[in-house]
Amino acid sequence: MVAIIQTGNPLARVYKKLWNKRVTLPAGTAPDVGVAGLTLGGGIGLLSRKYGLTCDNLKQVKVIVASGRFGARTIVANWRKHSDLWWASRGGGGGNFGVAIAYTFRVRPISMVSIYSINWKWGDLEKVLPAWQRWAPSVTCRLTSTIEVAAKQVGTIVSTGQLLGGAEELRRLIRPLLRTGTPVKVMVKTVPFIEATKFFAESDLNLEPKFKITGAYGFQPLPREGVRIIRDFLSEAPNRHSSVWSQSLGGAGSAVSRVSPTATAYPHRKAETIYELSARWRNNREQ
Ligand SMILES: Cc1cc2nc3c(=O)[nH]c(=O)nc-3n(C[C@H](O)[C@H](O)[C@H](O)COP(=O)(O)OP(=O)(O)OC[C@H]3O[C@@H](n4cnc5c(N)ncnc54)[C@H](O)[C@@H]3O)c2cc1C
């Protein structure tokens with residue numbers, strides 16, 4: 001089954017419209033991020049390990065390209081026509097080759113999913129982060145998980161995840177995490193997929209006005225020294241708004257890793273995890 005989606009749509013609207021037909025697209029978590037830029041850059045989310053990146057599900061793109069002396073024309077790119085543009089539109093980044101106006105995606109049936117969240121105290125960092133890094137890429141590709149270590153002032157470590165499967169199976173799959181450190185709060189439940197998209201929704205709104213965020217790919221678990229650097233950075237953070245976040249992406253049977261690094265313009269196929277390192281502040285004394 002395919003869906004034709006106009007590129008002006010934010011992800012929340014895409015998920016909702018597709019949910020009305022009980023289908024979905026593997027895509028990102030932020031409700032106000034546009035399907036346009038997300039797809040052109042790759043598109044990572046909680047269904048990527050099972051169904052690939054957003055761009056891996058892109059069958060066709062309609063693009064306005066510069067043409068003639070002052071003109072423009074609309075072309076359709078897919079595996080047969082303008083296949084170089086179709087290749088570049090899958091991971092090559094936004095704003096480079098023309099204005100994408102409509103995407104044709106392969107969509108997947110979806111109904112209920114199971115989600116979890118586990119909280120630990122900050123002192124468990126050196127146990128929990130290495131354990132999560134070994135566990136997350138090794139579990140079934142139907143389960144994608146995240147971990148967020150907040151600044152020491154906040155004092156928490158939180159892991160969340162989504163399974164295409166039932167709560168019983170999820171409880172069994174997260175056992176290695178539950179045996180690590182001392183979890184202080186655990187939640188596991190089965191919910192309609194659209195509720196899960198709201199649970200994982202994140203937004204830049206209402207956060208500190210100044211920020212620096214950078215990302216990285218993880219090809220193997222961090223050595224002990226790397227975990228210590230994260231601990232020291234987050235111990236000394238000048239306010240509560242710094243964190244290190246990671247999400248599983250590759251590993252056991254992941255659909256992302258099965259695609260060749262040259263098959264699309266998105267080359268990071270062998271990464272097991274992604275990281276987001278962020279610091280936010282209100283006044284420059286906090287820098
Ligand atoms: C809060 C937040 C959460 C995020 N979460 C995720 C996530 O879960 N997964 C993930 O993969 N990424 C995530 N991202 C990154 C996001 O995918 C990229 O920032 C993406 O480029 C946003 O696309 P946009 O259309 O919303 O943005 P814009 O800022 O409008 O565009 C980004 C780039 O794409 C170009 N562009 C936009 N529309 C078109 C078009 N129609 N045709 C051609 N070029 C176009 C723009 O010129 C620009 O270069 C997140 C970003 C934020 C801010």
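Mentor: We shall discuss the sheets and then the ligand of this predicted model.

Trainee: What is the order of the strands in the open sheet of seven strands?

Mentor: The general idea comes first: strands of a sheet pair through backbone hydrogen bonds, either in parallel or in antiparallel fashion. In this model the order is E10-E7-E9-E8-E12-E13-E11, and the pairing is antiparallel. From one strand to the next, the twist averages 15°.

Trainee: How many bridges join E11 to strand E13?

Mentor: There are nine, and the two strands run antiparallel, with E13 covering residues 273–281. Within this pairing, Ala216 is found opposite Tyr275 of E13.

Trainee: Which strands does helix H5 touch as it packs on the sheet?

Mentor: Helix H5, residues 125–135, touches strands E7 (112–121), E8 (143–150), E9 (156–163), E12 (243–248) and E13. The direction of H5 makes about 160° with that of E8.

Trainee: What is the strand order in the open sheet of four strands?

Mentor: That sheet reads E1-E5-E3-E4, again with antiparallel pairing. Strand E1 (2–6) and strand E4 (71–77) are the edges: each has a single partner strand, so one side of each is without a neighbour in the sheet. The twist here averages 15° from one strand to the next. Seven bridges link strand E3 (residues 58–67) with E4 in the antiparallel sense, and Ile64 stands opposite Thr74 in E4.

Trainee: Let us turn to the ligand. How many residues surround the ligand, and which are the closest?

Mentor: The ligand is surrounded by 19 residues, the closest being Gly34, Gly37, Ile44, Gly95 and Ala100. By kind, the shell divides into eight nonpolar, nine polar and two charged residues.

Trainee: Which backbone atoms lie 2.7 Å and 2.9 Å from a nitrogen atom of the ligand?

Mentor: A backbone N or O atom of Ile44 lies at 2.7 Å from a ligand nitrogen, and one of Ala100 lies at 2.9 Å from a ligand nitrogen. Taken alone, the ligand exposes 950 Å², of which the protein buries 57%.

Trainee: Which elements give two or more residues to the shell around the ligand?

Mentor: These are helix H2 (35–41) and strand E5 (99–106). H2 supplies the largest share of the shell, four residues.

Key:
Residues numbered from 1 in each chain as written. Predicted model: local features only at pLDDT ≥ 70, side-chain atom pairs only at ≥ 80, totals over all residues. Heavy atoms only, no water. Pairing = 2+ DSSP bridges. Axes fitted to C-alpha atoms, helices over the stretch in contact; angles between N-to-C directions. Contact = heavy atoms within 4.5 Å. Near = heavy atom within 4 Å. Polar contact = N/O pair within 3.5 Å; in protein donor to acceptor, adjacent residues only side chain to side chain. Areas by Shrake-Rupley, 256 points an atom, 1.4 Å probe, with all protein chains shown as cover. Nonpolar A, V, L, I, M, F, W, Y, C, P; charged D, E, K, R; others polar.
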